[in-house]
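Visitor: I have a structure on my screen and would like to learn how to read it. Where do I start?

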Amino acid sequence: MYKKDSKGDPVVAVVTAALGAGVATSFAVSQGQSPFVALGITIFAATVAFVIDRAGLV
């Protein structure tokens with residue numbers, strides 16, 4: 001119906017993705033996953049969210 005301006009605050013996209021991935025990976029670490037792998041997953045999710053947000057795909 002309308003064109004939403006997807007050029008919002010990039011910090012919001014990164015923080016939202018990092019929090020979501022951080023919750024899931026925190027559970028995985030509690031089950032025995034390496035904390036470094038969990039940190040890598042969280043950083044990757046935040047990076048992908050930033051790129052998708054900047055590209056205007058969401």
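**Reading the surface and the helices**

Guide: Start with the surface. This is a predicted model. The accessible surface of the protein is about 4,400 Å², and carbon and sulfur atoms hold 74% of that area.

Visitor: How many helices and strands does the protein have?

Guide: Count 2 helices and 0 strands.

Visitor: What span does helix α1 reach from its first C-alpha to its last?

Guide: Helix α1 covers residues 10–30, which is 21 residues. Its span is 30 Å, close to the 30 Å expected at 1.5 Å a residue. After α1 comes glycine 32, with a positive phi near 115 degrees.

Visitor: Which residues of α1 are buried?

Guide: First, the general idea. An α-helix has 3.6 residues a turn, so residues three or four places apart point the same way. Now the case here. The buried residues in α1 are Ala13, Ala17, Ala21, Gly22, Thr25 and Ala28. Their cover includes α2.

Visitor: What share of the 58 residues in the protein is buried?

Guide: Buried residues make up 19%.

Visitor: Is leucine 57 buried or exposed?

Guide: Find its place first: leucine 57 sits in the segment after α2, which spans 35–55. Then apply the cut-off: exposed means over 50% relative accessible area. Leucine 57 has 67%, so it counts as exposed.

Notes. Residues are numbered from 1 along each chain as its sequence is written. This is a predicted model: local features need pLDDT of at least 70, side-chain atom pairs count only at pLDDT 80 or more; totals for chains, interfaces and linings use all residues. Side-chain values use heavy atoms; hydrogens and water are left out. Helices (H or I, at least four residues) and strands (E, at least two) are DSSP runs, numbered from the N terminus. Buried means under 20% relative accessible area, exposed over 50%, partly exposed in between (1.4 Å probe, protein chains only). Accessible areas come from the Shrake-Rupley method with a 1.4 Å probe; for residues, only the protein chains shown count as cover. The expected span of a helix is 1.5 Å times one less than its number of residues. Contact means heavy atoms within 4.5 Å.
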